[in-house]
Amino acid sequence: MQTLAQYLQTQSLNPALENLIFTLADTSKAISLAVRNGALAGVLGATEQENVQGETQKKLDIITNDMLKNALHDNLAVRGIASEEEDNIVEANSEGQYLVCFDPLDGSSNIDINSLVGTIFSTLSMQEKVPQGELSEQHFLQSGRKQIASGYMLYGPSTMMALTTGQGVQFFTLDHKTQEYLLTNEKVTITPDTSEFAINMSNQRFWEKPMQNYIDELLQGAIGPREKAFNMRWIAAMVGDVHRVLSRGGLFTYPTDHKNPNKPYKLRLMYEANPMAWLVEQAGGKASTGYENILDIQPSHIHQRVPVILGSSNEVDICLSHHQGGNQGDNGDELSDQVAPSLV
Ligand code: F6P
Ligand code: MN
């Protein structure tokens, strides 16, 4: 089996980018260890702090954020960092050519139940050279199409990395003995058809009509218009749900909802939706907001949220066909309904 280093050599990447991928991979090995040791390392539970998005930070959110931030800061190829757990962008090295956006611990509410979590990353190029102290959020606001290396690490029964540099999607599995990532799936492809979907059904009454109609058809099974039974899975960590979609197909969505009028979308564009959309497209699937391709969105700020529908191409098309021809402004139930507390 090829090691990550051997695989990257075959890709003729800029050596600085290759080095940056190693930094991310090496840091994920340390994160994997902290996650695996759980209570033994005293890393479980919440802190008193909230992130910029008003979500309570878990201890591991902060620990993993610091690990990635420090490691990337030490890499001379890194010009700046944007993280889910940092209010503002962080400036790194003046000579750096790359910008890294990351969610250090996606699905972190799963950590206290010993369930799936992961790290998601997206790398962009610095489009211009600016003096130290002059890096701004503006430099990060590039569409997902401009990504140059993106992926995730999944801390599950195995620690895995999914990576794309624009030449398909590869899965690597961490050999815990040698601490090497080994190439275990090359040119991952998503089956175009599926009978599996992933959505948080508890929000159903708050979705827009197109999504309500689409899911309603799936739930009718063999006696409905789709004439087949569908199964549902929900890991509550995007990284786990997208890994399943890449592995065996499916449709994953976190759609617009009207539960909280100030927060109609949950997933973040720059470090959740964009890297996952690129992976999915690179594996032959599709990713949309319902009305536009995720990778074409011009970001307006680093913590921007968007609706996400991604996965098996034919199934995404069927979901999108419900969104065509109006109805999009049509809300679900009234907002006064009681809602469960939101988890990160
Ligand atoms: O990062 C946000 C996130 O944790 C995703 O990883 C996941 O898909 C989603 O939120 C889970 O949302 P909910 O708590 O509504 O199930
Ligand atoms: Mn997340």
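Ala198 stands opposite Phe252 in strand E13. The structure is a predicted model, in which local features need pLDDT of at least 70 and side-chain atom pairs count only at pLDDT 80 or more, while totals for chains, interfaces and linings use all residues. Residues are numbered from 1 along each chain as its sequence is written, chains are lettered from A and ligands numbered from 1 in the order in which they are written, and side-chain values use heavy atoms, with hydrogens and water left out.

Helices (H or I, at least four residues) and strands (E, at least two) are DSSP runs numbered from the N terminus. Two bridges join E11 to E13, and these strands run parallel; strands count as paired if DSSP finds at least two bridges between them. An open sheet of mixed pairing is formed by five strands in the order E12-E11-E13-E17-E15. Its edge strands, E12 (231-232) and E15 (286-288), each pair on one side only.

In helix H4 (residues 209-219), the buried residues are Pro210, Met211, Gln212, Tyr214, Ile215 and Leu218. Buried denotes under 20% relative accessible area, exposed over 50%, and partly exposed the range in between (1.4 Å probe, protein chains only). The buried residues of H4 pack against strands E11 (196-198), E13 (251-254) and E17 (308-311), and against helix H7 (313-323); contact means heavy atoms within 4.5 Å. Gly221, which has a positive phi near 60°, follows H4.

Asp106 is buried, at 5% relative accessible area, and Glu272 is buried at 2%.

Glu272 also forms a salt bridge with Arg268, their closest N and O atoms being 3.1 Å apart. A salt bridge is a side-chain nitrogen of Lys or Arg within 4 Å of a carboxyl oxygen of Asp or Glu, and 14 are found in the whole structure. Another joins Arg244 and Glu196 (3.6 Å, N to O). Arg244 belongs to helix H5 (residues 238-248) and Glu196 to strand E11, so the pair connects parts 48 residues apart in sequence. Both residues take part in a network of salt bridges that links Glu196, Asp241, Arg244 and Arg248.
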